[in-house]
Amino acid sequence: MVFGGSGFVGGHLARRLARDGHEVTVATRYAPAARHLSVVPGVRIRQFSPFDSQSLDRELPGHDAVVNLIGILNERGFGGHGFRRVHVELVESLAEAAHRQGIRRFLHMSALNAGNGSSFYLQTRGEGEELVRQAQNYGQLDTTMFRPSTIFGPDDSFLNRFAGLLKISPVLPLARPGAFFSPVFVGDVVEAMARVLADESSYGKTYELCGTETWSLKELVIWVRDQLGLKRLVIGLPDWAGRLQGRVFDFVPGKPFSSDNFNSLTVDSVCMQDGFGELGIEPWGMSQLAPDWLGQGGKQVRYQDFRRRAGRNRPGAGAAD
Ligand SMILES: NC(=O)c1ccc[n+]([C@@H]2O[C@H](COP(=O)([O-])OP(=O)(O)OC[C@H]3O[C@@H](n4cnc5c(N)ncnc54)[C@H](OP(=O)(O)O)[C@@H]3O)[C@@H](O)[C@H]2O)c1
């Protein structure tokens, strides 16, 4: 049973596990959000609140593993209560329900830097991990945790958000332009999860997941801009202005950016451990894959790059050029 299965990673994971021959239940609070998965053979959708322990006790029996992908980047109110409810209380209740129902296998998606820095996002991620660790240490569950950097893919909300902003705005002011990321491909993330599912050697382990490239936020946004073939000014904000941007957006409905996001960006999202290496997976880098889906502009740039490498764009140039 995949909690958060209606989301970006969840969709990729559900398809991947179904392709491997697993029967996958996508748990969602709102079934239409997972409609795109209803046509996938081997995937079924169940609508209920993951916060309701009676529903959990009704829905979990019959499953061999729980995968928790539920997470939020911003809370509705202030003060960390919303983050704590989703990243800590919900984790505790899912772990307890799995234990009650005799389901031992528990995969938990966390994030790089969980427990570090001052943001409620990262703090509560750390507290959630601690609960999973305890369930493992007390012998209640067989757990594996994942700490990815920012995840990219054709349907992500990271590159696509910047692409969308760049398309509509002549100037893009960026908070924390020097923050570093190692964007990781969603296909590699679900490969890691699929590989460990039945692998006892992964019990009790935490895998950091990073792509092969490290980018500063500003470099990354400029690269997206160039892939789209747009002429836009990308301005890195000093921290006082970035903080102010967060405070202003705290009050914009839907919080496209927030003070808490700013605080999360004060810690670089790069790996200290080679989780993919441990799992025998060779991950991709963002510049190798993302041009394919960053629009026609992106495709043209990539074709030019292929031609250049093949030595076909300059008469007389050799393939080794
Ligand atoms: N995407 C990234 O770059 C990235 C990087 C590091 C870590 N992660 C973590 O990886 C996991 C999956 O990421 P994702 O990008 O696939 O996220 P996503 O697309 O936002 O999906 C998250 C899912 O969580 C559920 N959810 C959201 N808010 C909830 C709430 N208040 N209460 C209960 N359920 C809620 C939603 O399911 P329903 O609405 O269907 O119930 C949603 O489908 C998350 O834990 C995320 O924090 C993601």
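**Fold, core and ligand shell**

The chain has twelve helices and 13 strands. Both are DSSP runs numbered from the N terminus: helices are H or I with at least four residues, strands E with at least two. This is a predicted model: local features need pLDDT of at least 70, side-chain atom pairs count only at pLDDT 80 or more, and totals for chains, interfaces and linings use all residues. Residues are numbered from 1 along each chain as its sequence is written.

Start with the overall dimensions. The C-alpha trace spans about 70 × 45 × 35 Å along its principal axes. Of the 321 residues, 40% are buried (20 or more other C-beta atoms within 10 Å of the residue's own, with C-beta atoms placed from the backbone).

The largest nonpolar core holds 76 residues. Such a core is a set of buried Ala, Val, Leu, Ile, Met, Phe, Trp, Tyr and Cys residues joined through C-beta atoms within 7 Å. Val 2, Val 26, Ala 95, Val 189, Ala 192 and Met 193 touch the most other members. Helix H3 (residues 81-100) gives the most to this core, with seven residues. Leaving aside neighbours within four places in sequence, Met 193 is in contact with Leu 13, Val 67, Leu 107 and Phe 146 (contact: C-beta atoms, placed from the backbone, within 7 Å).

Finally, the ligand. It is surrounded by 22 residues, the closest being Gly 4, Ser 6, Gly 7, Thr 28 and Gly 71 (a residue is near if its C-beta atom, placed from the backbone, lies within 6 Å). Helix H1 (residues 8-19) gives the most to this shell, with three residues.

Terms used: Buried ≥ 20, exposed ≤ 12 C-beta atoms within 10 Å, placed from the backbone. Contact = placed C-beta atoms within 7 Å.
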